[in-house]
Amino acid sequence: MYRERITAIEMEIREFHGQDSSGHDWQHIERVRSMALHLQKAEGGDPFIIEATALLHDLDDWKLGKEENEELHRTKKLLTRLQVESSLINQLCEIIKTISFKGAGEKSQCPNIEAEIVQDADRLDAIGAIGIARAFAFGGNRNRALYIPEQKANYHASFEEYKKDEGHTIKHFYEKLLLLKDRMNTPTAKKIAQERHAFMEVFLEQFFEEWKIKS
Ligand code: ADP
Ligand code: NI
């Protein structure tokens, strides 16, 4: 039952994320799943809940759909079609809702260890070398500039403010990516985040150094 359900969810998710070019492709989902299961080995939590929510976590993400999706319509529809019990659907949705980053000033409260782990795994994929690559992929997908020196970073106090910002990609490092290491939930993720964070600092230092050279 466990494996069959995961396989069925996986097949649908592969299809959904297949064409994405904004850093939310199937490989992102697959890395989040692997990292979440890796964290589970050290931190505990229910492996089915962790694997299922890792697979489903971006299906209704606001960045990927035009329609209002805070109610997780796609996720509920998929799980209902797979005949998952409604109490389990609610449990999975409760976790998925808390995972996404909603701006520097919006502190998300994870309801359980499963949510903490999947949020950590998702956030680890937003930092380090892969995180850098994903940020510029997202920026390109949305026609955003790499860097505009005059445009300073904002501390977004609310999700609404965060959502409507369409600034350059370097700004996003200061508004989200560099904040993540101090917002990891589990000790195992905190450790992995240190190294990835340090790499982003080196990257930014080099980026600004190269930007300065005019002739
Ligand atoms: P979350 O749900 O926490 O936002 P996701 O898995 O949906 O996490 O992916 C978020 C990723 O999308 C970021 O880490 C980054 O790569 C990209 N992204 C989102 N907003 C921006 C932005 N304004 N500029 C550049 N990249 C962005
Ligand atoms: Ni994600």
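Author: Start with a charge over a ring. The charged end of Lys102 sits over the ring of Phe159, 5.9 Å from its centre. Keep in mind that this is a predicted model.

Reader: What else lies over the face of Phe159?
Author: Lys163 does, at 4.5 Å from the ring centre.

Reader: Is Phe159 buried or exposed?
Author: Buried. Its relative accessible area is 11%, and the cut-off for buried is under 20%.

Reader: Aromatics, then. How many aromatic pairs in the whole structure?
Author: A search finds 13. One of them joins Trp62 and Phe159 edge-to-face, with 5.6 Å centre to centre and 85° between the planes. Trp62 is in the loop between H3 and H4, Phe159 is in helix H8, and 97 residues separate them.

Reader: How are the rings of Phe173 and Phe203 arranged?
Author: Their planes are at 25° and their centres 6.0 Å apart, so the pair is stacked. Phe173 belongs to helix H9 and Phe203 to helix H10. Both are part of one aromatic cluster with Phe136, Tyr147, Phe207, Phe208 and Trp211.

Reader: Switching to the metal. Which protein donors does the nickel ion have?
Author: His28 and His57 through NE2, Asp58 and Asp122 through OD, at 2.1 to 2.3 Å. Along the chain the spacing is H-x28-H-D-x63-D. His28 is in helix H2, while His57 is in the loop between H3 and H4.

Reader: Are those histidines buried or exposed?
Author: Buried. His28 has 0% relative accessibility, and His57 has 6%.

Key:
Residues numbered from 1 in each chain as written. Chains lettered and ligands numbered in written order. Predicted model: local features only at pLDDT ≥ 70, side-chain atom pairs only at ≥ 80, totals over all residues. Heavy atoms only, no water. Donors = N, O, S within 2.8 Å, 3.2 Å for Na, K, Ca; no water. Helix = DSSP H or I, 4+ residues; strand = E, 2+ residues; numbered from the N terminus. Buried < 20%, exposed > 50% of the residue type's maximum accessible area, 1.4 Å probe, protein only. Phe/Tyr/Trp six-rings, centres within 6.5 Å; stacked < 30°, edge-to-face > 60°. Lys NZ or Arg CZ within 6 Å of the ring centre and 35° of its normal.
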